Amino acid sequence: MVTIDEAEIMLEEIAEELPKEFYDKLNGGILLLPDIKMHPARRADDLYIMGEYNRNMDMGRYIVIYFGSFAQVFGHLNHDEFRAQLKRVLVHEFTHHIESLAGERGLEIKDAQNMRKYNERHERF
């Protein structure tokens with residue numbers, strides 16, 4: 001299993017691979033927290049938040065990655081597979097950041113569609 005220290009190193013390596021332009025106005029950077037975060041609209045204990053893009057007046061713009069959620073969902077993966085999931089989530093959150101700067105909401109809409117699909121699956125049972 002990947003430790004939080006190993007995940008931090010992976011996250012730093014992934015972050016260095018991304019274009020510098022991605023970081024425009026991301027004044028709070030990327031945070032790796034040990035927390036497990038459950039989605040507030042979950043129907044069961046099956047919907048974890050892996051990462052979040054945040055923007056507010058006090059803290060500015062920043063990305064949070066929840067290691068505890070990763071450990072719960074992807075803890076069984078080997079290091080390369082875990083790293084791939086970490087990269088997928090980080091790029092997802094950067095997409096929110098870039099869209100926010102551009103005044104776009106495409107990924108927010110896609111996330112809402114995925115949430116509707118999640119709810120539909122739970123309504124069938």
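1. Ground rules. Numbering starts from 1 along each chain as its sequence is written. Since the model is predicted, local features need pLDDT of at least 70 and side-chain atom pairs count only at pLDDT 80 or more, while totals for chains, interfaces and linings use all residues; side-chain values use heavy atoms, with hydrogens and water left out.

2. Helix 4. Residues 106–123 make up this 18-residue helix, which reaches 26 Å from first to last C-alpha, close to the 26 Å expected at 1.5 Å a residue (1.5 Å times one less than the number of residues; helices are DSSP runs of H or I, at least four residues, numbered from the N terminus). Its buried residues are L107, M115, Y118 and N119 (buried is under 20% relative accessible area, exposed over 50%, partly exposed in between, with a 1.4 Å probe and protein chains only). They cover an arc of only 125 degrees around the axis, so they sit on the same side of helix 4 (the arc uses directions from the helix axis to the C-beta atoms).

3. Salt bridges. The whole structure has seven (a Lys or Arg side-chain nitrogen within 4 Å of an Asp or Glu carboxyl oxygen). One of them pairs E13 with R83 at 3.9 Å, N to O. E13 is in helix 1 and R83 in helix 3, so this pair ties together parts 70 residues apart in sequence. R83 also bridges to E17, with the closest N and O atoms 2.7 Å apart.

4. E13 is partly exposed at 38% relative accessibility, and E17 is partly exposed at 46%.

Notes: Helices (H or I, at least four residues) and strands (E, at least two) are DSSP runs, numbered from the N terminus.
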